[in-house]
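Work through each task before reading its solution.

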Amino acid sequence: MVRALHESVGARRLTSPNPAVGCVIVTADGRTLSGVTEPAGCRHAEIVALDAASANGISTAGATVYVTLEPCSHHGRTPPCTDRLIDAGVAKVVVAVGDPDPMVGGSGLAVLRAAGIEVELGVEAEAAAAQLAAYLHHRRTGRPYVILKLAATLDGRTAAADGSSRWITGPEARVDVHRLRADSDAVLVGAGTVRADDPSLTVRLVEDLAERADPRRIVLGSAPPGAAVHPCTEMAGSLGEILDQLGREDVVQLLVEGGATVAGALHREGLVDRYVLYLAPALAGGDDGVPMLSGPGAPTVERLWRGEVAAVTRLGGDLRLDVVARKAD
């Protein structure tokens, strides 16, 4: 299962809106074959691995299959993976996490068990859930998984008193942001950020992402003619309604790079699923710079929003801090 998870890392850049699933087949005589989900409309990970076995004349009768997400049991863009697994004569299917998609929702596991195949659920479940977080969230809520990206000084300023913000962090952090964009289906900014910074929101800094088109660009409000963000989608309305619409349009992961106004509004409405903070070893040294989040904050210490640190990464001289909401007890 660890190998299946490892092989699917980064694959969502090509598979979205489908999940990036990894599969490893261990045959009865100990040989291994693997597969990763292909772009939407093409083969799922299980089928890629089974086809590899067929192409090499390797029998899968009695094999054990390790797959990071519950196999599908319905006809969508492709036939059910469960049918192929049953026809292949596998003896056991080990699954990391169940698929909350209403068209699956445990039916894949039930179909396999009904065919006499042993099924084990929950192996490396935490790692798989983290890797598939955006997909799982989208299927459960209908909304994109929202990542709020902020670059700031150690004292929490995203721009100086005169509004200048380029560049607070170093080149390694900026390249990492482009990778984060490549992992996302869309990037959202406010019209104020477009007017102030004229961002292009592309993945141009990362040469090895040539296979990944730039994410869809969303502007809250109107982008001025000639702005680098064009072509973009201009949207208005409540943030919840916008997320609902983007979810219906197959935006599974949404990266927000807006300014303090948009960031503050998303935070206060509880719409951020992951905070990615790029912190530079720099100090603005006062209270007249631009904060990370604008608007009213917590009135008391008891009402502070508190999360969990999911990861800390050093990028050149800067730090990337990933924070998610605390899990319920």
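Helices and strands in these exercises are DSSP runs, numbered from the N terminus: a helix is H or I over at least four residues, a strand is E over at least two. The model is predicted.

**Exercise 1.** Describe the largest pocket by its volume, its lining and the elements that supply the lining.

*Solution.* 
Step 1. The volume of the largest pocket is about 1,300 Å³.
Step 2. Its lining consists of 43 residues. Nearest the centre are Ala130, Gln131, Ala133, Tyr145 and Arg274.
Step 3. At least two lining residues come from each of the helices α2 (12-15), α6 (125-131), α7 (133-141) and α8 (171-182), and from each of the strands β6 (145-152), β14 (307-315) and β15 (318-325).
Step 4. The element that gives the most is α7, with six residues.
Step 5. Sorted by class, the lining holds 21 nonpolar, 14 charged and eight polar residues.

**Exercise 2.** Do likewise for the second largest pocket.

*Solution.* 
Step 1. The second largest pocket holds about 890 Å³ of space.
Step 2. It is lined by 37 residues, and Lys149, Ser165, Thr193, Asp197 and Glu257 are the closest to its centre.
Step 3. Elements that each supply at least two residues of this lining include β7 (157-159), β8 (186-190), α9 (191-197), α11 (260-268) and β13 (290-291).
Step 4. Here α8 gives the most, with five residues.
Step 5. The classes are 18 nonpolar, twelve polar and seven charged residues.

Conventions. Residues are numbered from 1 along each chain as its sequence is written. This is a predicted model: local features need pLDDT of at least 70, side-chain atom pairs count only at pLDDT 80 or more; totals for chains, interfaces and linings use all residues. Side-chain values use heavy atoms; hydrogens and water are left out. On a 1 Å grid over the protein atoms alone, a cavity is a set of points where a 1.4 Å probe fits but cannot get out, and a pocket is an open set with protein on both sides within 12 Å along at least five of seven lines; lining residues have an atom within 4 Å of a point. Grid points are joined across faces, edges and corners, and a volume is the space filled by probe spheres set on the points. Ala, Val, Leu, Ile, Met, Phe, Trp, Tyr, Cys and Pro count as nonpolar, Asp, Glu, Lys and Arg as charged, and the others, Gly among them, as polar.
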